[in-house]
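Me: Could you walk me through this fold, one question at a time? I would like the cut-offs spelled out as we go.

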Amino acid sequence: MPITDLQTETRAEDDAGRWAALASRDRRADGQFVYAVRTTGIYCRPSCAARAARPENVRFHPTCEAAEAAGFRPCKRCRPNEAAPEARQAAAIARACRLIETAETLPVLDDLARAAGMSPFHFHRVFKRITGVTPRAYAGARRAERVAEGLQEAGTVTEAIYAAGYNSASRFYAGARLGMTPTAYRRGGAGTRIRFALGACSLGAILVAATERGVCAILLGDDPDALLRDLQDRFPAAELVGGEADFEALVARVVGFVEAPAGAFGLPLDIGGTAFQQRVWEALRRIPAGTTASYAEIARAIGAPTATRAVARACGQNALAVAIPCHRVVRQDGALSGYRWGVARKRDLLAREGVARPDGVALRESVDR
């Protein structure tokens, strides 16, 4: 086939794909090309909600610069020459998070919304969709994180609480999210009673531990003794209680979920963690069973698009295997990457959920809903 004929055929195939994206207003095509309308002199994103133009008046261009060089101007509705709406929203919410984190007291909703360029109602909805929590809950988690960080340095727990911005100790205790009292947290779980049991499942040894608030650890491995040492290292001063008969029913439910992880984990969790870790773990819990997402997609979903490595660290620090499904996170290229409890277990869990190949669309869809 002559080169000219081959080039013509390639262009026709490209245009067919562009027309399909344009007809469905496919957001995934944004950034790949723009389309210009001859009769209006305007060019748009493929996902633009403007009324469809007649095919004979449409011209495709690979970039905004190419469209403008041809004499077209950007649409004021979809703003194709600016960052995508999702990216703009994520950046605005990231700025709001920084305002919350650096403020002595929680800024009022109207001020946060104004700084983000949104109405208060829209800002509240977008903030919760991206971070998984409300602005007030995010502020509370960040303050609890400050207390946790300060407990290692402050002379007393009270000093750490006031240094974190609480007006009184009672306000902290009413909304603390450390998963245990701050004194217990500081002392490696001192005063906290943690029940645990070791067992076996198809993935090897399993350790399940719970406080009175909920399940605080689900550990997988090959050596039961190593799992117990891991729990002891996490809570060296806690009262660890094993072998209780009434705890076996809870363990059985956890094992059942590990064997068939497609449904929802129906037990309460005592998650703990920092504010950032909680945002990551909440995003992981929104990935539907049977699908996967990349570290970069999770970073964008929580409003921290440059924090891919921090997201990976948070996944590695997760102590609630399967209940917080870090096994559903893959690298950008689709590779399984690491897994705290072994890549073989990660592959097995994904296979049980029916993942034939990585599909990073899942998290974006769940966040958008």
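**Fold and packing**

Reply: Happy to. The secondary structure of the protein comes to 16 helices and 10 strands, where helices (H or I, at least four residues) and strands (E, at least two) are DSSP runs numbered from the N terminus. This is a predicted model, in which local features need pLDDT of at least 70 and side-chain atom pairs count only at pLDDT 80 or more, while totals for chains, interfaces and linings use all residues. Residues are numbered from 1 along each chain as its sequence is written, and side-chain values use heavy atoms, with hydrogens and water left out.

Me: What percentage of the residues of the protein count as buried?

Reply: Buried means under 20% relative accessible area, exposed means over 50%, and partly exposed lies in between (1.4 Å probe, protein chains only). Of the 369 residues of the protein, the buried share is 47%.

Me: How do helix 4 and helix 5 pack: roughly parallel or roughly perpendicular?

Reply: Helix 4 (residues 109–116) and helix 5 (residues 120–131) have axes 9 Å apart and an angle of about 85°; axes are lines fitted to C-alpha atoms, for helices over the stretch in contact, and angles run from 0 to 180 degrees between N-to-C directions. Angles under 35 degrees count as roughly parallel, over 145 as roughly antiparallel, 65 to 115 as roughly perpendicular and the rest as oblique. Helix 4 is therefore, relative to helix 5, roughly perpendicular.

Me: Which residues of helix 5 meet helix 4?

Reply: Contact means heavy atoms within 4.5 Å. From helix 4, the residues involved are Leu109, Asp110, Leu112, Ala113 and Ala116. On the helix 5 side, they meet Pro120, Phe123 and His124.

Me: Which residues have the most contacts inside the largest nonpolar core?

Reply: A nonpolar core is a set of buried Ala, Val, Leu, Ile, Met, Phe, Trp, Tyr and Cys residues joined through side-chain atoms within 4.5 Å. The largest one has 58 residues, and those with the most contacts inside it are Ile206, Ile218, Val280, Leu284 and Ile298.

Me: How are the rings of Trp19 and Phe60 arranged?

Reply: Rings of Phe, Tyr and Trp (its six-membered ring) pair if their centres lie within 6.5 Å; planes under 30 degrees apart count as stacked, over 60 as edge-to-face and the rest as tilted. The pair links distant parts of the chain, with Trp19 in helix 1 (residues 3–24) and Phe60 in strand 3 (residues 58–61), 41 residues apart. With centres 5.1 Å apart and planes at 80°, the Trp19 and Phe60 pair is edge-to-face.

Me: What is the angle between the planes of Phe123 and Phe127?

Reply: Phe123 and Phe127 both lie in helix 5, four residues apart, about one turn of the helix. Their aromatic pair is tilted, at 5.7 Å centre to centre, and the angle between the planes is 50°.

Me: How far apart in space are Val34 and Phe60?

Reply: Val34 is found in strand 1 (residues 34–37), and at 5% relative accessibility Val34 counts as buried. Val34 and Phe60 are 26 residues apart in sequence, yet their C-alpha to C-alpha distance is 6.0 Å.
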